[in-house]
Amino acid sequence: MKEIVSLKEVKKTFKNKNAVDSVSFSIKKGEIVAILGPNGAGKTTTILMMLGLLEPTSGKVQLFGHNPKEKEIREKIGAMLQEVSVIDRLKVSEVIQLFRSYYPKPMDYDELVSLTGFTPDELKKRADKLSGGQTRRLGFALALAGDQDLLFFDEPTVGMDIQSRKLFWQTVRTLKERGKTIVFTTHYLQEADDIAERIILFHQGKIVADGTPVDIKSKLSKQYVSFIPSEEMSIDELENFPSVEKVYKENGRVYVITNETDLVLSLLFEKKYKITQIKVEEGRLDEAFEQLTVNVKEAI
Ligand SMILES: Nc1ncnc2c1ncn2[C@@H]1O[C@H](COP(=O)(O)OP(=O)(O)OP(=O)(O)O)[C@@H](O)[C@H]1O
């Protein structure tokens, strides 16, 4: 597969602060990648450098093997950034047409409107009079206007209602099926878990994890068995079971943290505890996220 994005030892320093610190990764054609991390982790700075809108302090960013600032490369990339500024007094339909005219092979107008869910009434509205969620949707339409191969979405669903959010991710899936390469950031971890094939997790300017959502969850967060105990059950002895790391009770449910859920289950049955509503759960992405970002902080 072809490498479309490449960052080598990229650093960005603002005054004395390393916003992005020696970051290297590459993204191949057709991948859908989520860049995650807490506030200030360096996600937006990294995206701006990939777009050629910020110059790295050191290191090299390449898109399609070239400098992202080159005109031919710019035509291949679409971006939806956190701030969308629209031209005053133009209607939504006019702004969309204007953006289409910038590109050699724009996306078909009707298709663009349908993919981004604009109604005929919305298309007639003045672009500077849209609601926050509609403005995000317009940003999405403008990012797709050139039918570009590589798409960047920085916190795309902020301010969108549930329906717009659903449509947005459906469209992203359609774009992926058409072979587009997609890079996005989000603070909604469930979105990354559902959509991304790969997550690059940033913390304090560095990459602390890079893998599929399943990889990240299985390697880093704990699995657990949980159940509702009978009233007389004492949970202390569960701590002595092999492989058990921690046992705690929350809202009437007992949680047994372990990396061997099958073993814990068989012991629970063997000892004939009176327990009900048993669940086995793999760790959640938010737990992995927390674990990774806290650990680094502690290590410093
Ligand atoms: N233009 C700038 N001047 C000075 N510092 C900056 C500038 N842009 C970003 N920073 C700092 O660099 C660090 C990384 O910021 P960045 O916006 O990339 O983080 P982020 O991961 O996108 O955060 P968020 O989730 O809050 O959007 C932060 O400490 C931020 O304050």
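A residue counts as buried if 20 or more other C-beta atoms lie within 10 Å of its own, as exposed if 12 or fewer do, and as partly exposed in between. The model is predicted.

Start with Asp 147. This residue sits in the loop between H6 and strand S6 (150-154). Is Asp 147 buried, exposed or partly exposed? Asp 147 has 19 other C-beta atoms within 10 Å, so it is partly exposed. Which residues does Asp 147 touch, leaving out those up to four places away in sequence? They are Lys 105, Pro 106 and Met 107. Asp 147 and Pro 104 are 43 residues apart in sequence, yet 9.5 Å apart in space, C-alpha to C-alpha.

**Two packed helices**

Two packed helices are described by the angle between their axes and the distance between the axes. Here the pair is helix H4 (residues 109-116) and helix H6 (residues 132-144). Their angle is about 140°, and their axes lie 10 Å apart. The crossing of H4 past H6 is right-handed. On the H4 side, the contact involves Leu 112, Leu 115 and Thr 116. On the H6 side, the partners are Arg 137, Phe 140, Ala 141 and Leu 144. By type, the residues of this contact are five nonpolar, one polar and one charged.

**Strand pairing**

Strands of a sheet pair through backbone hydrogen bonds, either parallel or antiparallel. Both senses occur here.

| Strand pair | Sense | Bridges | Facing residues |
|---|---|---|---|
| S3 (residues 32-36) and S7 | parallel | four | Ile 35 and Thr 185 |
| S6 and S7 | parallel | five | Leu 151 and Ile 182 |
| S1 (residues 3-14) and S4 | antiparallel | five | Val 5 and Leu 63 |
| S11 and S12 (residues 253-258) | antiparallel | six | Lys 249 and Val 254 |

Strand S7 (residues 181-185) is mostly covered, with five of its five residues buried. Both faces are involved. Thr 181, Val 183 and Thr 185 are buried on one side, and Ile 182 and Phe 184 on the other.

S1 takes part in an open sheet of three strands. Their order is S2-S1-S4, and the pairing is antiparallel. S2 and strand S4 (58-63) are the edge strands, each pairing on one side only. From one strand to the next, the twist averages 15°.

Strand S11 (residues 244-250) is hardly covered. How many of its seven residues are buried? The count is zero. S11 and S12 form a hairpin with two residues between them.

**Positive phi in loops and a turn**

Asn 251, in the turn of that hairpin, has a positive phi of about 50°. Lys 15 also has a positive phi, near 50°, although it is not glycine. Lys 15 lies in the loop between S1 and S2. Lys 15 is exposed because it has 5 other C-beta atoms within 10 Å.

Lys 272 is another non-glycine residue with positive phi, here near 55°. Its place is the loop between helix H10 (261-270) and strand S13 (275-281). Is Lys 272 buried or exposed? With 7 other C-beta atoms within 10 Å, Lys 272 is exposed.

Technical notes
Residues are numbered from 1 along each chain as its sequence is written. This is a predicted model: local features need pLDDT of at least 70, side-chain atom pairs count only at pLDDT 80 or more; totals for chains, interfaces and linings use all residues. Axes are lines fitted to C-alpha atoms, for helices over the stretch in contact, and angles run from 0 to 180 degrees between N-to-C directions. A crossing is left-handed if the near helix is turned anticlockwise from the far one by less than a right angle, and right-handed if clockwise. Two residues are in contact if their C-beta atoms, placed from the backbone, lie within 7 Å. Ala, Val, Leu, Ile, Met, Phe, Trp, Tyr, Cys and Pro count as nonpolar, Asp, Glu, Lys and Arg as charged, and the others, Gly among them, as polar. Two strands pair if DSSP finds at least two bridges between them.
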